[in-house]
Amino acid sequence: MSFHGNNRFSLLHTVEIVGYSARIISSTQAPLFKDTPYIIQSLFLLLAPALFAASIYMVLGRLIAALHADRFSIVRRTWMTKIFVTGDILSFIVQGIGGGVMYSGTPSNLSLGQKIIIVGLVIQLLFFGFFTFASIIFHRRMSANPTTTSLSIHFSWRKHLFGLYIASFLIMVRSVFRVIEYVQGSDGELLSREIYLYIFDAALMWILMLLLNIVHPREISELLRGEKSLNSVDLERQPESVKLTRVRDIIPNTRPTSFTETAYARHAIATRGLA
């Protein structure tokens with residue numbers, strides 16, 4: 001995702017708001033529910049956490065880069081965001097396909113769509129579990145042998161890691177709830193009572209949005225931008241220094257020998273020879 005931090009999180013908040021707004025509209029249409037609000041609220045609320053997960057994956061990669069701690073990560077930093085975001089996109093696509101199949105109207109497609117959504121949620125859980133494991137390993141290694149940068153930065157890197165832990169826990173609990181919900185089916189306890197949705201989805205995502213605004217990755221992004229600015233200044237100065245070095249190599253640091261010094265040296269050699 002190529003958005004800056006504020007824009008990216010604003011987009012995620014918007015997805016949740018649109019989903020629940022459609023749910024409110026759908027609730028006013030009983031008993032003759034229209035398809036469009038129902039499909040919008042179902043898909044948006046189902047897929048929004050996948051977008052949150054992608055943002056969380058990116059935060060860890062940037063934190064590792066800002067701390068100059070690539071050696072402490074069990075996954076190469078340049079691959080980390082690509083691997084986890086690819087898994088998240090896969091989960092997003094599978095859930096989206098499942099949602100499309102489920103809401104196509106026929107009873108057979110309803111069951112098939114639920115199974116596809118379960119597969120997408122399981123993919124999300126697997127990648128998130130591995131991500132949490134990678135975060136814990138990185139945390140332990142950094143605590144045992146902190147980098148110079150981690151000791152000199154103006155903010156606590158541990159704060160951002162604990163924020164990632166809490167965010168990961170919230171998304172995992174919500175995903176487990178959704179898996180159980182779809183396993184039970186449309187006649188199950190979780191789908192038949194709306195309160196479960198608000199406890200294990202709406203409330204958790206609201207806490208997650210609040211958390212990401214309190215522990216915002218803005219500090220990490222600013223640190224990385226500052227380092228890039230310094231590196232660009234160094235690159236601009238480098239050609240001049242290289243040029244000066246080459247001039248020194250070409251022109252030896254010697255001065256011409258005077259006639260007097262040469263004559264004196266010859267006299268000393270001749271005198272030693274006579275002695």
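Me: At which residue does helix 2 bend?
Reply: This is a predicted model, where local features need pLDDT of at least 70, side-chain atom pairs count only at pLDDT 80 or more, and totals for chains, interfaces and linings use all residues. Residues are numbered from 1 along each chain as its sequence is written, and side-chain values use heavy atoms, without hydrogens or water. A proline, Pro-49, follows the bend within four residues.

Me: How many residues of helix 2 are buried?
Reply: Helix 2 covers residues 35-67. It is a DSSP run (H or I, at least four residues, numbered from the N terminus). Helix 2 is mostly covered. Counting as buried those under 20% relative accessible area (1.4 Å probe, protein chains only), the number is 24 of 33.

Me: Which residue follows helix 2?
Reply: Its phi is positive. The angle is near 55°, and the residue is His-68.

Me: Which helix gives the largest share of the lining of the largest cavity?
Reply: A cavity is a set of points on a 1 Å grid over the protein atoms alone where a 1.4 Å probe fits but cannot get out; lining residues have an atom within 4 Å of a point. The lining includes His-160, Leu-164 and Leu-211. Helix 6 (157-184) and helix 8 (195-214) each give two or more residues. The largest share, 4 residues, comes from helix 6.

Conventions: On a 1 Å grid over the protein atoms alone, a cavity is a set of points where a 1.4 Å probe fits but cannot get out, and a pocket is an open set with protein on both sides within 12 Å along at least five of seven lines; lining residues have an atom within 4 Å of a point. The expected span of a helix is 1.5 Å times one less than its number of residues. The bend at a residue is the angle between axes fitted to the seven residues ending there and the seven starting there. Buried means under 20% relative accessible area, exposed over 50%, partly exposed in between (1.4 Å probe, protein chains only).
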